[in-house]
Every structure is written in C-alpha cells, then in structure tokens.
Amino acid sequence: MTAYLLKRLIIAALTLVLASIVVFAVMEILPGDPARLMLGMNASADQVEMLRNQMGLNAPLVLRYLHWAAGLLSLDFGRSYTYSVPVIDLVRERIAVSLPLALIALALSTIIAIPVGVFSASRQGRAGDTLAMGAAQLGVAVPNFWFALMLIYLFAVWLHLVPAGGFPGWSAGIWAALKSLILPAVALALPQAAILARVARSALIEVLNEDYIRTARAKGLPYRAVLWRHALRNAMIPVLTILGLQFAFLLAGTIIIENVFYLPGLGRLIFQAITQRDLIVVESIVMLLVAAVILINLLVDFSYAIVDPRLRGRQ
C-alpha cells in the first residue's frame, strides 16, 4: 500500500510540473501586450517598454517561468496587473464564494443521484426505471444556464423566496450568504446529478448480476439489505470516480453560472482576467485549479482501497 501511495504521489508531482509548463507556454503565446493594455493605446513606445521592464516581461522566457514556478511553491503568485494587489488576496477573497458553492452543489448532486440510481437499478425495465432515466437524460441534455434562468424566474422573480443574484458576503450572516448560493448550487447540481444517477444505475445493475448477490438472496437476506449494504458499496468505485471529476468541474467550471448570478467567485475572476489580459492572475488561478484536480484524483484513488479491500491486496 505504501508503494502504491508513493507511486501515485510521484505521478501527481510530475503531472503538476508538466501542467505548469503547458499553462505558462499557452499564456505566453496569447495575443496582446499587458503593458500596452494597462497604459492604453495612446502610450508611447518608451512608456510601454519601461513598464514591461518593471513587470519583468522582457526577461528571458526560462527565467520568467522559473521565477513564476518558485513563487507558486511559496504561495507568492505575484501582483495583479489590473487590480495592483497580490494575486493570493484575490484568490482568497473569491474562493470564499466558489468553494462553498461547489461543495453545496456536490452535496445536492449526491443526495439526488444516489437514491435515483438505486431506485432505477432496482426496477430495471419497469416504468419507474424508464421515468427516472428519462428525467436523467433530460438533465444531461439541458444546459445548466437554462436551469439557472428558470430557477431565477420561478424562485426569485415570481415567488420572491431568494435573491436573483449577487453575493452579500459572509459578513452579512451565514443565512444571507447561503440564500444567495442556493439557486446557483441547484443549477450546477441538477445536470451533475443526472450524470451521476446514470453511472450509479449502470454500476448497480452490473453488481446485482454477480454470483455473490444471488447467493446472498438465496440465503434469505432481504432484498433491501442486499441492495444497500452489499451491492451499493461494490458499485461505488465508478461513482467515486465521477464524484471526483464533478467536484473538479464544479470548482473550476462555474464561469457561466457565476456570471448569470453575478457571483464574485473564481470563475468570474478568471473571465475578467482573460478579458483584461491579466496573465499573472490567469496563470496562477489555473495552476491552483490544476493542483486541486490532481489532489482530488489522488483522494479518489486512495478511497478506492477503502471502499474495495480487494484493491489493497492487488497493490
């Protein structure tokens, strides 16, 4: 088990290094000059050159990458070109919105998907299965921004139960902050719940056809106990894989939802930084998200051995 964990950690570290090189290279080939954008089109060439020197943009490419990578390791991401504040301060401020949003959406997705998947698998081929999977197919097909607009119209415009957008900040109170995150979390969770329910159903159907399940039923165990205690646990590996991918998506892929609800999260910050050519902000946040995805995948890999002890023996 120790060798397995060490191997995974080495692979994760190499992936992180390779990702940093790719991210840095992609940012460098994007069109546009940050110094020119900051000074405006009427600035002289000498002024632009002076600012480029101050920002370190004229240094050799390799030195710039090494300096940036060393800063990432020490959590010194540099200063934003646009906001003139440390990038880490921007990240700390925005992640206080994006992380709770992602966690709430993931929890809602799991709470919805697992019972639906179990219900559908236990009634394979019946009307309940058809209805559940039809709803799941609809959830996969409909984009989350449409769900967002419908939720705003129903619960904010018509019923006036929650705000239509904006974020008052956690200083305004936990309930006030959570109310502003409910609709975006639901809009994010519904499509993900549809995907997770289909995966859970497929995995459960496969497990329910195994010989040990038939043996447990032949010994007189109630079907509900076999389904929830034995079959579901052994079907959790593909479900955990999807959950890990979904959390990474929910943390990094909320740009559209955060713009629909006007939430000051990481997704909106990345969108603004790209439009303003604030490369240091884009590079740093993308690398943080890459590191989060790698860490989540590591945790998912480790959880496999907890859910299925047979994997520990193989490793």
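Is Phe24 buried or exposed? I looked this up in the predicted model and found a relative accessibility of 7% for Phe24, which therefore counts as buried.

**Entry: rings around Phe24.** I then listed the aromatic pairs, and the count came to 5. One of them joins Phe24 to Tyr65 in an edge-to-face arrangement, with 5.5 Å centre to centre and 65° between the planes. Because Phe24 lies in helix H1 and Tyr65 in helix H4, this pair ties together parts that are 41 residues apart in sequence. For Tyr65 I noted a relative accessible area of 16%, so Tyr65 is buried. I also noted that ring pairs link Phe24, Tyr65 and Trp68 into a cluster.

**Entry: another ring pair.** I turned to Phe167 and Trp170, whose rings are edge-to-face at 5.7 Å centre to centre, with 75° between the planes. Phe167 is buried at a relative accessible area of 18%, whereas Trp170, at 34%, is partly exposed.

**Entry: Ala25.** I placed Ala25 in helix H1 and recorded a relative accessibility of 38%, so Ala25 counts as partly exposed. Its C-alpha atom is separated by 9.3 Å from that of Leu61, a residue 36 positions away along the chain.

**Entry: the second largest pocket.** I noted a volume of about 320 Å³ for the second largest pocket; 14 residues line this pocket, and the closest to its centre are Leu16, Ala69, Leu72, Leu73 and Met287. Helix H1 (2–29), helix H4 (61–73) and helix H14 (279–307) each supply at least two residues of the lining. When I sorted the lining by class, I found 12 nonpolar and 2 polar residues, with no charged residues.

Terms used
Residues numbered from 1 in each chain as written. Predicted model: local features only at pLDDT ≥ 70, side-chain atom pairs only at ≥ 80, totals over all residues. Heavy atoms only, no water. 1 Å grid on protein atoms, 1.4 Å probe; cavity = no way out; pocket = protein on both sides within 12 Å on 5 of 7 lines; lining within 4 Å. Points joined across faces, edges and corners; volume = space filled by probe spheres on them. Helix = DSSP H or I, 4+ residues; strand = E, 2+ residues; numbered from the N terminus. Nonpolar A, V, L, I, M, F, W, Y, C, P; charged D, E, K, R; others polar. Buried < 20%, exposed > 50% of the residue type's maximum accessible area, 1.4 Å probe, protein only. Phe/Tyr/Trp six-rings, centres within 6.5 Å; stacked < 30°, edge-to-face > 60°.
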